[in-house]
Amino acid sequence: MEHLLDPYSLLIEPLTAYAFMRRALVACLALALGSGPIGVFLVLRRMSLMGDAMSHAVLPGAAIGFIFAGLSLGAMSLGGLIAGLAVALLAGVVSRTTVLREDASLAGFYLASLALGVLLVSTYGSAVDLLHVLFGSILAVDDEGLLFVAAVASITLITLALIYRPLVAECFDPTFLRSVGARGSLIHLLFLVLVVLNLVAGFQALGTLMAVGLMMLPAAAARFWSDSVWGSIAFATGAAMASGVVGLLLSYHFELPSGPAIVLTAAVVYLASIVFGSRAGLLVRYRRQPHFHKPEEMKP
Amino acid sequence: MNAVRPSAITLENVIVTYRRLPAVHHVSGTFAPGTLTAIAGPNGAGKSTLLKTTAGLLKPSEGRVLRGALKPSDIAYLPQLPEIDRTFPISVAETVMLGAWKRAGAFGEMGAAEEQRVQEALACVNLVGYARAPIAALSAGQWQRVLFARAIVQEASVVLLDEPFAGLDEDTQSHLISLVHEWHENGRTVIAVLHETDFIRRHFPQTLLIARELIAWGPTVDVLTPDNLARARTTIAKWARSEDMPEHQHHHG
């Protein structure tokens, strides 16, 4: 255990000495770049469980891709993308045309989708394959996977930059957006595509179940630290990146599975934020805060 | 603010239903340009529904709303206070800046001129110095002032208000009603859903009295008579009774 005392071999060497660790590190950072902001918008839209539902919905598509092409990232990702979007759109259509609310119709479709996926994988694959799809393995990310994750992160950031204003407006006050004649539903649809893309990107590295953890935990934590959408995004992305790095290091030193190690690190950040968060954490409730007051006291 | 000349808004036999139950039934009439009208009626009379339909946020299931040359962005709509999630991490200035949507849209620049408009609007509603405050820090009265400031920045020729003074302190109420009068004097069409008849008599020259169906529409003195108010109450009671009988069906030809 002597090497643990040396910061270089403790913190740097594990991430640089091996090719699979270097790839895992870059994959984590790229995933965090995309998933962090997406998670923040899911929280703001009160759709935190939507990410969870969608991550399950992706499964049959990935399974069909697997049946046709084996453990091919391209086929599984494409299948997952199609299945995820189909479930999101069907749920949206049903909630707009029937009495069912979006959460209930989504639950209906994703459960059906998940059951179909498990059925397909266990009929045509093996238990090992199912475990791989459900829990992934960031240590097995290859160059192709890395490029995919990086491409998704780029697409996500560019799209968010373009639709930032209408997306924030749609989350905050959809009635206003409709009243000025803007197309809120188009923005909503684009956003759903980004959610599914990021879940599919996370799925090879972390698995369908863990990918959503890197998306939601930092975003939920961010609400305790920031009073602005922009600040929340910055915090969530930073926290997701840090969770990735710390999780990988823990996984290396203690021989833990990497996905759960990363998500549990994010969970620690989340729990700490509930207590120590500077904006709404439990501790600040008992402390005096500077407050906004009469105009004359606000002069700079 | 310069004088504006909005188009009239005409309701033609408007019916709005929720799950086939009519909330607004056969309403016809015209909000003339530049009028200041209160929409009054008992609880469940369809006041907010009528306002939303006028704003274009709800589609009538029968009949139509004619808005002349008005574009959606020419109409400012202020929802009831609780309709927006006020824990949302956004500042006062950003909220008011949304009013610039008509000019900047989803992608256009919101530059110094818009910043200036926002500052002026905040001054109008007595919120100078609150620009950077998160909306979560505001009281109900301050939040309603923010929504008024956003309507000012919208420079809309028609302003629709849903219970704009409910639950506000007296200071805020009198301040905001003076803004409403200012809009009226500048030629804007202002329509507000309101509860208190005394308040309406004092401040609103026109009134539309509704109880699912139109009871009366015209000068407030002619509309808010004891007779009409009594008729509104019995009408709404009749509607409530008919809804307890699901077998009752009523077809429109």
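Tutor: A:Asp143 is partly exposed, with a relative accessible area of 47%; the label covers values between buried (under 20%) and exposed (over 50%), found with a 1.4 Å probe and protein chains only. The model is predicted, so local features need pLDDT of at least 70 and side-chain atom pairs count only at pLDDT 80 or more, while totals for chains, interfaces and linings use all residues. Residues are numbered from 1 along each chain as its sequence is written, chains are lettered from A and ligands numbered from 1 in the order in which they are written, and side-chain values use heavy atoms, leaving out hydrogens and water.

The partner of A:Asp143 is A:Arg23: the two form a salt bridge whose closest N and O atoms are 3.2 Å apart. This pair links distant parts of the chain, since A:Arg23 belongs to helix α2 (residues 19-44) of chain A and A:Asp143 to helix α8 (residues 143-172), 120 residues apart. A salt bridge here is a side-chain nitrogen of Lys or Arg within 4 Å of a carboxyl oxygen of Asp or Glu. Helices (H or I, at least four residues) and strands (E, at least two) are DSSP runs, numbered from the N terminus. Side chains of opposite charge can pair when their charged atoms come close.

The whole structure holds 13 salt bridges over all chains, and two are counted between chain B and chain A. In one salt bridge, the side chains of A:Asp173 and B:Arg150 meet at 2.9 Å, N to O. That pair crosses between chains, from the loop between α8 and α9 (174-179) of chain A, where A:Asp173 lies, to helix α5 of chain B, which holds B:Arg150. Here A:Asp173 is buried, at 3% relative accessible area, and B:Arg150 is buried too, at 2%.

The setting of this pair is the boundary between the chains. There, 34 residues of chain B are in contact (heavy atoms within 4.5 Å) with 31 residues of chain A. The size of an interface is often given as the accessible area lost when the parts come together. Between chain B and chain A about 2700 Å² is buried, and carbon and sulfur atoms give 67% of it. B:Phe88, B:Pro89 and B:Trp101 supply 26% of the area that chain B buries against chain A, more than any other three residues. Buried area is the accessible area (1.4 Å probe) that two parts lose on being put together, summed over both.

Chain B also has pairs of its own. B:Asp198 and B:Arg201 meet in a salt bridge of 3.3 Å, N to O. Both residues lie in helix α7 (residues 197-203) of chain B, three residues apart, about one turn of the helix. B:Arg201 is partly exposed, at 43% relative accessibility. Elsewhere, salt bridges that share partners join B:Arg103, B:Glu114, B:Arg117 and B:Glu155 into one network.

A further arginine, B:Arg132, lies in the loop between α4 (112-124) and α5 (140-154) of chain B. At 76% relative accessibility, B:Arg132 counts as exposed. From B:Ile9 it is 123 residues away in sequence and 37 Å away in space, C-alpha to C-alpha.
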